[in-house]
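Hi there,

Here is the structure I promised to pass on to you. Have a look at it first, and then read on for my notes.

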Amino acid sequence: MYEIIDGKAISTEIKEELKVKVAELAEQGIHPCLAVILVGNDPASGVYVNNKKKACEFIGVKSLSYELPEETTEAELLDLIRKLNEDDSVSGILVQLPLPKHINEDAVLLAISPKKDVDGFHPENVGALCIGRSGFVSCTPAGIIQLLKRSNVEIAGKECVIIGRSNIVGKPMSLLMLRENATVTICHSKTKDLKEVTKRADILIVAIGKPKMITAEYVKEGAVVIDVGIHRLEGKKLCGDVDFDDVAPHCSKITPVPGGVGPMTIAMLMNNCVDSVILNG
Ligand code: NAD
């Protein structure tokens, strides 16, 4: 019988712990503050930003909201980031992606001070992760490490296969699993015989962006399966990159969608916000 890894419960546990930490910092007169920048009217981005603001409220972190019109220029956005970098009362800065097409995302991410980069996307933080130094880590992969650890999944020495090599999920995930002493293989769209590789995994982490692509034939009996994908099907039901009903009976543990990796991303963002005030202190 498989066990469901409950991301909702684990993320709540983390946020409760952070709430205590934020209260302790407040007693010392230290207050984390997250500046959230949203450019344009993308409805999904609006929902994500609202969820982030709600999480800040829950753990007691102040959030500042900058909702800029679609026609905001890159120079205007960079100017706002510069001001926030210099503002000592702001400890973390987050620019909601995707940005409108006329704005260069790389230039924007590079402009955020690495010390305030709570998303962990700045090359300096990515480099720190790569060579095992401390720094902000991308929230989704950091959340997956917490899911595994808090579900008592042993990582060291295990065969871990990650499907997907994006800068936000797949690549940092591989570095974190390596840091935890797993034997790591990364698969991607050009991998030959994907099934043959994924069948070796004790821990299979799936971040492909294709609804229900991973079926039982990709999974070793007794594997732990982490599904990063999130898709809204017709009728508004959510599903992941893993065909849950087909795969779950073959796993020892598996994350559901919704209620698996998703809630962990925001919890780890909150964790980075709390760290940001310590780093900028
Ligand atoms: P991406 O599109 O940037 O990357 C997808 C990766 O999958 C690529 O590296 C590509 O090489 C690989 N891929 C594509 N088709 C493949 C195939 N047939 N076989 C093997 N590999 C293949 O996506 P991403 O940003 O990494 O996100 C992946 C999924 O995770 C999406 O569904 C996204 O919505 C979701 N996501 C969820 C969260 C969360 O908080 N739950 C966060 C980030 C992303």
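How far is an oxygen atom of the ligand from an N or O atom in the side chain of Ser166? The distance is 2.6 Å. Please keep in mind that this is a predicted model, so every value in this email is computed from predicted coordinates.

The ligand site

Ser166 is one of the residues that come nearest to the ligand, together with Arg165, Ser189, Lys210 and Thr265, out of 21 residues around it. With Val228 the backbone takes part, as one of its polar atoms is 3.4 Å from an oxygen atom of the ligand. As for the surface of the ligand, 860 Å² is exposed when the ligand is taken alone, and the protein buries 71% of that.

Which helix gives the largest share of the shell around the ligand? That is helix H10, residues 261-280, which contributes three residues. By residue class, the shell holds nine nonpolar, 10 polar and two charged residues.

Backbone points to check

The bond from Leu97 to Pro98 is cis, with omega near 0°. Pro98 sits in the loop that runs between strand E4 (92-95) and helix H4 (105-111). The bond joining Val257 and Pro258 is cis as well, with omega about 0°. Pro258 belongs to the loop between strand E11 (251-254) and H10, the helix that provides the largest share of the ligand shell.

Asn152 has a phi of about 60°, and its place is the loop between helix H6 (139-150) and strand E5 (159-163). Is Asn152 buried or exposed? Its relative accessibility is 69%, and the cut-off for exposed is over 50%, so Asn152 counts as exposed. Lys236 has a positive phi too, near 75°. This lysine lies in the loop between strand E9 (231-232) and strand E10 (238-239). Lys236 has a relative accessible area of 64%, so it is exposed.

Best wishes

Methods:
Residues numbered from 1 in each chain as written. Predicted model: local features only at pLDDT ≥ 70, side-chain atom pairs only at ≥ 80, totals over all residues. Heavy atoms only, no water. Near = heavy atom within 4 Å. Polar contact = N/O pair within 3.5 Å; in protein donor to acceptor, adjacent residues only side chain to side chain. Areas by Shrake-Rupley, 256 points an atom, 1.4 Å probe, with all protein chains shown as cover. Helix = DSSP H or I, 4+ residues; strand = E, 2+ residues; numbered from the N terminus. Nonpolar A, V, L, I, M, F, W, Y, C, P; charged D, E, K, R; others polar. Buried < 20%, exposed > 50% of the residue type's maximum accessible area, 1.4 Å probe, protein only.
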